[in-house]
Amino acid sequence: MSEILVLVDHSDGTVKKVTLELLTLARSVGEPSAVVIGSGVDTQPLAEYGAATIYVADDGELSDYVVGPKVDVLAQLVAEKSPAAVLVSSTAEGKEVAGRLAVRLDSGVITDAVGIAEDLSATQNIFGGAVIVTSKVTTGTPVITVRPNSSPAEPAPAAGTVVPVSVVLSESAKAARITNRVVAQAGGRPELTEAAIVVSGGRGVGGEDGFGVIETLADSLGAAVGASRAATDAGWYPHQYQVGQTGKTVAPQLYIANGISGAIQHRAGMQTSKTIVVVNKDPEAPIFELADFGVVGDLFTIVPQLTEEIQKRKG
Amino acid sequence: MKIAVCVKQVPDTWAEKKLTDADKTLDRESADGVMNELDEYAVEEALQLTEANGGEVVAVTMGPEKAEETVRKALQMGADSGIHIVDDSLHGSDAIATSLVLSKVLADKGFDLIIFGSESTDARMSVVPAMVAERLGVPQMTFANKVEVDGGSIKIQRQTEYGYDEVEAATPAVVSVVEKINEPRYPSFKGIMAAKKKPIDTVTVAEAGVDAGKVGLGAAWSEVEEFSERPPKAAGVKIEDDGSGGVKIAEYLSEQKFI
């Protein structure tokens, strides 16, 4: 079976769920090898989810620069191992790594895949999910980024042989130095693009204070909080939580849209969510077209009632 | 300082976008072309930086004839001149080819900064700035929500999933800026009049020093095999709140095993 390199996403030493999804996906097209860049990462889940080999590049210098070091490590491994493909999670930085790697390798790149077939053709939902495309890299080693939540993570224990990798960084990889990392996100909630459940608020939330009920509902479900552009433009919720055409694209198992009308701007960021629940006082709101379950009414009575009911059921 | 700002003409953000049946590329005719919204922040940032530090702004685009409108819009906002890379052979170029052409055109022109919007609202790959940095071997200062330039050095706040990173580099550098880094200005009447007289250089693929066999649909490093429209979603349940709407949602979530 041909080797598939999977770049590992991690934070605070923990492998992220999206990487386990990628390893599972990689098993369907070849034999996955995990590539860990950074120190202190617990590699045990990687073996558990099917990594036959775990390449570990843990020189401290690797995390001092923007994107470049990851490209250097992957380019070196591709040159040495000639894998059939390289998979990277489709985060903002993951896509940059993939793009630079593709240029370095003179290979094609596909971003935001939601599936990969045995022949390495990739499925993408484009134009905000309105069109489904199958594409294939025709030159070089395919570099494919895969969206979080697009396929399940299923364990299948493998050897997980750890192979240390050392890399002499190129000058260009060291061109942009990270001098400080600032953690601004209030803790506790999952990342928006990775979350299994997203609870969002829009214009109907009415103001900054109104997001309190949205956050409380999200916390009762262990969900991330999102916002429509109307809400972020008004300054009611921080811009980085915007879901939509100019914000983040999410495809969680469950999306709960509260007080969001469902303009194309917003739909483009969430319409491939598996299950969609809508609360809106306007029965004509286009968001209802996407709803698996919709309630016409006031979110300020419905959402707190829902939160209370969830807490009751969870005991 | 000399700043290139790369802008792209895209179908209007609010319009439904399509692929053409003929060659599976974006249908650029069925919707009005506008400047990619996120590029407006790039133009504004370039203008503010030159207003504070002196210098000139060159608006650069690659695209068909009508993409000149987007360079013109940047000139109306205040950019000094434009470069329009236009050539029939570019039709269907992927990100790899686009970054190749842009980097060839932008190299060796003495730019201190090359500024992009963080992504285009049509392709949404968000990779071209990083690719151009890779090709030019210059610092990649992308996803900036704050940019400070001091002589030959640049500092940005790079937006991350968890907050931001402070990043430093020496110029020349490639920068991409995120939405809301600034408030893009509207072209003034004076700006619109002045823009009519500002020069736009057109550059062909040959003039850019790129082999025409390396660009366009035929040379793409990846290809679209097939596409289809997402089937409309089956109608769900829609109820009026009778005072128990929250409980009903909880029941539904419970049936679906979310709680």
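Which residue in strand 13 of chain B is the bridge partner of Gly294(A)? The partner is Lys238(B). Helices (H or I, at least four residues) and strands (E, at least two) are DSSP runs, numbered from the N terminus.

This is a predicted model, in which local features need pLDDT of at least 70, side-chain atom pairs count only at pLDDT 80 or more, and totals for chains, interfaces and linings use all residues. Residues are numbered from 1 along each chain as its sequence is written, while chains are lettered from A and ligands numbered from 1 in the order in which they are written.

Let us start with the meeting of the chains. The contact (C-beta atoms, placed from the backbone, within 7 Å) takes 72 residues from chain A and 66 residues from chain B. On the chain B side, 28 are nonpolar, 16 polar and 22 charged. Here Ala, Val, Leu, Ile, Met, Phe, Trp, Tyr, Cys and Pro count as nonpolar, Asp, Glu, Lys and Arg as charged, and the others, Gly among them, as polar.

Strands pair if DSSP finds at least two bridges between them. Within chain A, Val199(A) stands opposite Val225(A) in strand 14.

A second open sheet has ten strands with mixed pairing, in the order 12(A)-9(B)-8(B)-7(B)-10(B)-6(B)-1(B)-4(B)-5(B)-11(B). Strand 12 of chain A and strand 11 of chain B form its edges. Inside it, Ile115(B) is found opposite Val175(B) in strand 10 of chain B.

| Helix | Reference strand | Angle |
|---|---|---|
| Helix 4 (128-136) of chain B | strand 10 of chain B | about 175° |

Finally, look at helix 3 (residues 95-106) of chain B. Eleven of its twelve residues are buried (20 or more other C-beta atoms within 10 Å of their own, C-beta atoms placed from the backbone), so this helix is largely enclosed by the rest of the structure. Among the buried ones are Ile96(B), Leu100(B) and Val105(B). Just after the helix, Asp108(B) takes a positive phi of about 60°.

How values were computed: Contact = placed C-beta atoms within 7 Å. Axes fitted to C-alpha atoms, helices over the stretch in contact; angles between N-to-C directions.
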